[in-house]
Amino acid sequence: DFCLSRGLGDVYKRQEYDQYGKDIVCSAASTIIIGGINAIAQLGYLSFISYKVDAGDVELEINNTECTELQIILNTLLVQFQSIEESYPKYIQVQEV
């Protein structure tokens, strides 16, 4: 499960597409979130977010919503998750909260 929060942020939940090691939905979602956190860190905005990884679950909370570059990264993450959702709507859902 992954949670992206921007105040009134975005949440998606992944369901099991296939068994561990073969789950392409989980693999894609993991790659997106890890790449996003790495990009945020590389640009020096790690202090603008908090995240927690627990047994394969990732929760990401945004503490500064005024940074333009951070918003671009977050919007990119959202579009990527929505792209997965289009192909695999039974296994990943993106919701505005």
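A residue is called buried when its relative accessible area is under 20%, exposed when that area is over 50%, and partly exposed in between, with a 1.4 Å probe and only protein chains considered. What you have open is a predicted model, in which local features need pLDDT of at least 70 and side-chain atom pairs count only at pLDDT 80 or more, while totals for chains, interfaces and linings use all residues. Residues are numbered from 1 along each chain as its sequence is written, and side-chain values use heavy atoms, with hydrogens and water left out.

Begin with the whole chain, coloured by secondary structure. Helices (H or I, at least four residues) and strands (E, at least two) are DSSP runs numbered from the N terminus, and the protein chain has two helices and five strands, which follow one another in the pattern β-β-α-β-β-α-β. Of its 97 residues, 34% are buried.

Next, select Tyr45 and Phe48. Aromatic rings of Phe, Tyr and Trp (its six-membered ring) form a pair if their centres lie within 6.5 Å, and the pair is stacked with planes under 30 degrees apart, edge-to-face over 60 and tilted for the rest. By this rule there is one aromatic pair: the ring centres of Tyr45 and Phe48 are 5.2 Å apart and their planes stand at 25°, so the pair is stacked. Tyr45 counts as buried because its relative accessibility is 14%, whereas Phe48, at 22%, counts as partly exposed.

Now move to the interior. A nonpolar core is a set of buried Ala, Val, Leu, Ile, Met, Phe, Trp, Tyr and Cys residues joined through side-chain atoms within 4.5 Å. Which residues touch the most other members of the largest nonpolar core? Among its 21 residues, these are Ile40, Ile49, Ile62, Leu70, Leu77 and Phe81. In soluble globular proteins, nonpolar side chains tend to be buried together.

Stay with the helices and select Gly36, which lies in helix α1 and counts as buried because its relative accessibility is 5%. Leaving aside neighbours within four places in sequence, Gly36 is in contact (heavy atoms within 4.5 Å) with Ile73 and Leu77.

Finish with Val53, in strand β3 (residues 49-54), which counts as exposed because its relative accessibility is 57%.
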